[in-house]
Amino acid sequence: MNILRKYMNKIQPQFRPGGKLAKLESVYDGMETFLFTPNTTSRCGAHIHDGNDMKRTMITVVVALLPALLFGMYNIGLQHYLAIGQPDATWLTMWTFGLLAMLPVIVVSYVVGLGIEFIGAQIHHKEIQEGFLVTGMLIPMIVPINTPLWMVAVATAFAVIFAKEVFGGTGMNIFNVALITRAVLFFGYPSRMSGDEAFVKIDSAFGMGQGTPVDAFSGATPLGQVATNVGDTLQPLHNVVGEPISTCDAFMGFIAGSPGETSMLAILIGAAILLITGVASWRVMCSVFAGGLAMAALVHIAPTATYPATLIDPLAQLCYGGFAFAAVFMATDPVTGARTRIGQYIYGFLIGVFAILIRVYNNGFPEGAMLAVLLMNAFAPLIDHCVVSFNIKRRLKRAANK
Amino acid sequence: MANIKLKKGFDLNLQGRVTSTAILKAPKSTLYAVVPDDFQGIIPRMEVKEGDHVEAGAPLFHDKTHEDIKVVSPVAGLVKEVRRGERRKIEAVVIDPNNESQRLMHDTKQDVKTLLLESGLWAMMRQRPYDVVPNPDVRPRDIFVTCFDSAPLAPNLIAMVQDKADYLAAGVKALKQLTDGDVYLGFRPGEEMNVEGAIVNTFEGPHPAGNAGVQIANTKPVNKGEVVWTMDVVTLSRIGELAKTGFVSFDTVVAVSGEGIKEPRLVSATMGCTMASLLQDEDVDGKRIICGNVLTGVKVDGNGWLRAPYRHVTVIPEVTKPDEFMGWASLSPKRYSIYRLFTSWLMGRKKPVSMDARVKGGERAIVRLDEYDNMLPMDIYAEFLIKAIIAGDIDKMEKLGIFEVAPEDFALAEYADTSKLELQRIVREGLDKLRNEME
């Protein structure tokens, strides 16, 4: 450590005003605080501070994302090898394929996003904020695997600049940055974001896994299949090569979909990490599931062929698509959500309700969870305002009654 | 009597607690000092000049706006120096004691208000709103006396006044003349004393249960336009002593504690004495000396003074782990956190922990949920209040209850804050801003 510390001290003057690399001062400071906990001691107020800081908090979220990410990689490989008719490939081959397929997206997302963060920090002479550590990981997980890299780059840049930096950076944004990225892609390039070709990677990844799709191949996600269902009963759902799949498969995650969101199991492991460490609000998380379940049960009471998603069993609804991912990782973003306790229940419940509502009654969007979170992001300040004004009214009433 | 249970808050278990109840005598201090900054809200105007002789209890300075609020000398002696800082701000009035026991005796027949103002005890009280020395023109709605200190390593206040029950009763009797409301005493369960004329409540729960603001909010909150006074039980006993005998006692018992102290102990001393006399034989080089507790106290150096409002001196290390490598990724149980993000929570909370003065992170925007609310057992949306103060929105501050709080109420939240904001400074600025607007 000593050598590293000496080296950092040695190069430090170059990054200070007047130095050769003064334009990279924020980057240097970012690196330094990343490597060494600052020795600064408290100037005023409390003389001791808790060991926790924003870096630890954000890294914990990234750790919670890992199960879903690692499974997502495996699943990309699985879907790929199923599609090209080689279902006997080992899990390691599948996982490696998925890794190679996802790596470029992860790299693009971080390079573009962090690059903009660094520039922003330098312009404002501020410390680099940690928010994008999480966002940069979320983006590859919710973007369909076949999205061209330039689209990912454009959408990420747009989201970071217009959904975050213009509001003042991490902690000041109104909308979840990763969701804005997805929304930009979704509305900007709709043909590449849904349908049969978005979610299963057919091409090889860096030369690995070459092959042609088998005849029975169909890349539609379960919710995509439901949306085109005809008749009063739900046709059995099938995987990419036409074999039937069960709700259990969907729970485990062996279905087509965005990389991070297929496996409810992996997401629940992440949820456990977030809840045990107390990083995410259990109030929000539980009420999203409660709201989703309530709405799914409600629509299932009156199933109709016009809206085939009403035919799905309520519990199965929660396993399909991005619902669980949105509930665990998107709705619990504390910056864009409701911040009062009562507000958190309302906010979460409405996300659940709207997610199912959009999914079921709008055939244009077979997937509603992410849009529901964005919608509620917009309403979170209003919810908080109402809750806080009750407190204000109570205080005024108390004064009047004395 | 009511027992009020509070859930929010946290008891930090730090190393260096005083275990013995024996009170040692501090060696005589060579100099004494009174620091005007300790009397929040007072702008000092000197009544003496360098070279003047003062008795113990004689006024040194008064407030610019309310000239009858006096701050007095704790000892008899010569005014050695009026120490001034930037823009001639008075930093300290230093007294060279002549070791005589000349004490100013007050006429106990005069009315209580004049007695308190003249004796300097008025300046030891605080008022809500604004957490400043009370305005003498306003009659308070109620008076709240905190009878325990729940802050980390704080000494037991009841032990200091146990044998002064008659003073407490006399103090309550005197204070009753100053308010049309009641005098409330807030005890820790099991320590309550019955004091005639006062309403006794007990408060169960972690820190900040002992804070005046928390006790007020959970018995009879302050509304806009109302004024209440607060003080601790030691000040109450001094008021009682004054009312009974005509003398003010400047003797005080101080807990000298913290990780940086070899043998934490209780010491009897006189207000304003030097730190050197309290910390004799202690190696405090490179350590942080705090007058008061680790959350709300003021940092002083080895040449500092025992400041008037505090019954507590804490010494903690400044930096225990310089250049800690990737501290944010630490898996060591020694990196203490009250959150379950570090392995320290698996080790339980029983063992006293070591804590240095590092901030351990950079300042950020408020991100995590409920951090402030979990540390503040009041019916207040702490985070929204802080945001209103930062935004300078006076109307919103009022509506969200800034009248009910003091900076100390946010001290624990400041400790726990992941975003490392200076909450006590923010609240103090908000209160000052509001006071300027209203008065």
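1. In strand β14 of chain B, V228(B), T230(B) and D232(B) point one way, W229(B) and M231(B) point the other way, and all are buried. Buried here is a matter of counting: a residue is buried if 20 or more other C-beta atoms lie within 10 Å of its own, exposed if 12 or fewer, and partly exposed in between, with C-beta atoms placed from the backbone. Strand β14 covers residues 228-232 of chain B, and five of its five residues are buried, so the strand is largely enclosed by the rest of the structure. Strands (E, at least two residues) and helices (H or I, at least four) are DSSP runs, numbered from the N terminus.

2. This is a predicted model, in which local features need pLDDT of at least 70 and side-chain atom pairs count only at pLDDT 80 or more, while totals for chains, interfaces and linings use all residues. Residues are numbered from 1 along each chain as its sequence is written, and chains are lettered from A and ligands numbered from 1 in the order in which they are written.

3. Which strands pair with β14(B)? Strand β10 (residues 126-128) of chain B is joined to β14(B) by three bridges, and the two run antiparallel. In that pairing, R126(B) has T230(B) as its bridge partner. Strand β11 (residues 142-146) of chain B is joined to β14(B) by five bridges, and these two run parallel. Here T146(B) is the bridge partner of D232(B). Two strands count as paired if DSSP finds at least two bridges between them. Strands of a sheet pair through backbone hydrogen bonds, either parallel or antiparallel.

4. Chain B also has an open sheet of three strands in the order β4-β6-β7, with antiparallel pairing. Its edge strands are β4 (44-46) and β7 (70-72), each of which pairs on one side only. On average, neighbouring strands of this sheet are turned by 35° against each other, direction ignored. Strand β6 (residues 59-63) of chain B pairs with β7(B) over three bridges in the antiparallel sense, and V71(B) in β7(B) is the bridge partner of F61(B).

5. How do the axes of helices α3 and α5 of chain B cross? The axes of α3(B) (residues 165-176) and α5(B) come within 7 Å and cross at roughly 85°. That makes α3(B) roughly perpendicular to α5(B). Axes are lines fitted to C-alpha atoms, for helices over the stretch in contact, and angles run from 0 to 180 degrees between N-to-C directions. Angles under 35 degrees count as roughly parallel, over 145 as roughly antiparallel, 65 to 115 as roughly perpendicular and the rest as oblique. Residues of α3(B) in this contact include Y167(B), L168(B) and L175(B), and those of α5(B) include L236(B), I239(B) and E241(B). Contact means that the C-beta atoms of two residues, placed from the backbone, lie within 7 Å. By class, the contact of α3(B) with α5(B) has nine nonpolar, three polar and two charged residues. Ala, Val, Leu, Ile, Met, Phe, Trp, Tyr, Cys and Pro count as nonpolar, Asp, Glu, Lys and Arg as charged, and the others, Gly among them, as polar.

6. F247(B) sits in the loop between α5 (233-245) and β15 (251-257) of chain B. Is F247(B) buried or partly exposed? F247(B) is partly exposed, because 17 other C-beta atoms lie within 10 Å. Leaving out residues up to four places away in sequence, F247(B) touches R103(B), M105(B), E241(B) and L242(B). The C-alpha atoms of F247(B) and T108(B) are 9.1 Å apart, although 139 residues separate the two along the chain.

7. Chain B is divided into domain 1 (2-26 + 103-245) and domain 2 (373-438); such bounds come from an automatic or database domain assignment. Taken over C-alpha atoms, the centres of these domains are separated by 23 Å. Domain 1 of chain B gives 21 residues to the contact and domain 2 of chain B gives 17 residues. On the domain 1 side, helix α4 (residues 212-217) of chain B supplies the largest share, four residues. That side divides into ten nonpolar, six polar and five charged residues.

8. Between the chains, 47 residues of chain A are in contact with 60 residues of chain B. The side of chain A that touches chain B has 15 nonpolar, 21 polar and eleven charged residues.
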